[in-house]
Each structure stands twice: as C-alpha cells, then as structure tokens.
Amino acid sequence: MCASKVDPRDAWSLYWQADRLDSCCPARDPADAAAIHDHWRALADAVPKDGAVLDLATGNGAVLLRMADRMAETGRRAALTGVDLAAIDPGRYVRGAGGRAQVRFMGGVDLAALPFDDGAFDLVTSQFGFEYAPRAAAAREAARVLRPGGRLSLLLHHVDSVVYRPNTAQIQELDGLLADGGVVGCLLEFLEAPGAAAMTRLEAAGTRYQAGYPGGLPRLSRQVFDSVGTLLNRQDLGPEVRCQAGHDMRRRMLAERARMEQLQQAGLDGDAAQALVAMLDQAGVRGTITPFRNGAGLLIGWLYAGERRA
C-alpha cells in the first residue's frame, strides 16, 4: 500500500484539531518554551493601550493567548486577532488555555491576501508560520496591514535549529512505515482479512523495520508500533471498528508527513533569511534578523524584528 498525498491545508487542519497549543516548539525542554513565551509577553507590554494585534498562521493561538495572559496581569486590553489557512477552531479543540475569549480567530485566511484594511494593526506577529506562505506576497501583506510605526515580530525556522534538524529523519521514518509492504500496509491487510498468512507478513514487516534501528526505535516509530500493538490486542472492538481505526492511523501519519515536508521547505538558511529581510524592506518594513536561542544557548530559530516606515 503506497503512501498517498495529503492536501497541505488538510494536514494542518488535522494537526490543530488535536489538543495542541503549539507546533514546532521543542516543549520537552522547558528552556525553549520559556524563551519563546518571554518574547511574546515582552511584546505584549509594548502594545499601545487599546491597540490591535494580528497573529499570522496562528494555529490554536499560542502567541495571542500568552499575550492575553500578560495583558490580563497588567490590566491592559488590546484587540487580538489570529488568522490561519487551516480550519482552526481553538475554542472547540483545545483545553486548558486561558484568555481565549479575548481573541478573534479566523480560519481559511491566506497570508498572501489578508482581509483587513491598510494600517489596521499596531503589531503583527507569527511563530513558525509566516515562512510557510509565499514569502514575497506575505511580506507585502504584513507590511500593508501595519500602521506607520507599527512593529513586525516573526519567529522563523532556522535550518540548523533544534526544531528543524530532526525533521529529515522523521520523514524517513514515516516513509519506511508507510512504504509498500511496510508495517502500516501489512497491518491494514491483516485488519481487513485476518489470517495466519497476513499475520506472518505483518510480523516480517515489523522485523525488517526494526532491523534498521539496531540501537532501538526512535520515538515516532515507537509510538506507531505501540498503536499497532493496541489495534491487534483490542479484542473488545469489532472488526469494522478496528479496521477503521487502522485507516485513521494511516491518515494521521500521512498528514504528519505532509506537515513535516512543508516544514522541510520552510527552513531558512542565512541567505534565505537575508532575502526575507530584503523583501520586507521593499514592502516598507525596516528590520533585522538574528538567531534566536534559549537560555542554554541552543538555537531555536530566526527572530525578525522590524518597524513599518511612515
């Protein structure tokens, strides 16, 4: 069973419909999350009273919710709007994040064609999202909706960062698992037509795959193998339910691969980073781009900071 393509928009919609607040944030290291959160909280303090903030490729609103929390602490308010090309609905899909009532979320919005008036915002932000869009068009739109003197702050993928570097290996994992004759295809074959021969093929596929990782399966592969084991052992579920669960697992894996492929294409090296600075300057925003690191000095991404010229 060959891996098939998934529409990039569908991949992100499926991702955000899980109980996730961040994407591409190495949250397992508290220093990474702290560095990112502190940046957005500091920017919240710089928003003018009753100002307006726009977060691009907002996902489930990580940037704006942290800014809203900070504004609540300081007794300030601003109009907070988050847009995303995906079908987002944070109020429905995410639990345990405060401040959501203060934020207006809009799905199906292309960063290259923002539905806002010129100069509508005092601050425009993005966390690992702006770089996925067509950059020249997104730069022009971000500049257009900023008021003169308004600020632009973008956290972007760096090709040498702790977020970006593991991505290639994870794509290879998914390709191996989804390949013809691979673990996932053999699992679905068994679930659709159980029998000794199908089980033998599934076991052989698992053995071949594990042989490629003599030091032990990586985290993503372990999760897939655990899910396969669960489906095989859930005798309390009917055949149709287990089969559907197997197809749903494959769909999520295909979506995750599509998302990772986009991340691979979104990373910026030094030349691409400077090219983006030039695009934004041409669009009317003067700024700089610098490496963004956590408190331990690990590289997380690029940080662009700019201001709309009058």
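This is a predicted model: local features need pLDDT of at least 70, side-chain atom pairs count only at pLDDT 80 or more; totals for chains, interfaces and linings use all residues.
Trainee: Which residue does Asp-236 meet in a salt bridge?

Mentor: A salt bridge needs a side-chain nitrogen of Lys or Arg within 4 Å of a carboxyl oxygen of Asp or Glu. The partner of Asp-236 is Arg-234, at 2.7 Å from N to O. Arg-234 is partly exposed, at 33% relative accessibility.

Trainee: How many salt bridges does a search of the whole structure find?

Mentor: Twelve. Among them is the pair Glu-73 and Arg-70, at 3.1 Å from N to O.

Trainee: Where do Glu-73 and Arg-70 lie?

Mentor: Helices (H or I, at least four residues) and strands (E, at least two) are DSSP runs, numbered from the N terminus. Both Glu-73 and Arg-70 lie in helix H3, residues 62-74. They are three residues apart, about one turn of the helix. Arg-70 is partly exposed, at 23% relative accessibility. The pair also belongs to a network of salt bridges, which links Arg-41, Asp-45, Arg-70 and Glu-73.

Trainee: At what angle do H7 and H10 pack?

Mentor: Axes are lines fitted to C-alpha atoms, for helices over the stretch in contact; angles run from 0 to 180 degrees between N-to-C directions. H7 (residues 183-192) packs on H10 at about 160 degrees, with axes 9 Å apart. H7 and H10 are therefore roughly antiparallel (under 35 degrees is roughly parallel, over 145 roughly antiparallel, 65 to 115 roughly perpendicular, the rest oblique). The crossing is left-handed (the near helix is turned anticlockwise from the far one by less than a right angle; clockwise is right-handed).

Trainee: Which residues make the contact?

Mentor: Contact means heavy atoms within 4.5 Å. H7 brings Val-184, Leu-187, Leu-188, Leu-191 and Glu-192. H10 brings Arg-242, Cys-243, Gly-246, His-247, Met-249, Arg-250 and Met-253. By class, seven are nonpolar, two polar and three charged (Ala, Val, Leu, Ile, Met, Phe, Trp, Tyr, Cys and Pro count as nonpolar; Asp, Glu, Lys and Arg as charged; the others, Gly among them, as polar).

Trainee: How are H5 and H11 set against each other?

Mentor: H5 (residues 135-145) and H11 (residues 270-283) pack at about 40 degrees, with axes 8 Å apart. H5 and H11 are therefore oblique to each other. Their crossing is right-handed. Arg-135, Ala-136, Ala-139, Arg-140 and Ala-143 of H5 touch Ala-272, Leu-276, Met-279, Leu-280 and Ala-283 of H11. That contact has eight nonpolar, no polar and two charged residues.

Trainee: One last stop: where is Ala-296?

Mentor: Look in the loop between strand S6 (285-293) and strand S7 (299-308). Ala-296 is exposed at 63% relative accessible area. Ala-296 and Ala-31 are 265 residues apart in sequence, yet 7.0 Å apart in space, C-alpha to C-alpha.

Technical notes
Residues are numbered from 1 along each chain as its sequence is written. Side-chain values use heavy atoms; hydrogens and water are left out. Buried means under 20% relative accessible area, exposed over 50%, partly exposed in between (1.4 Å probe, protein chains only).
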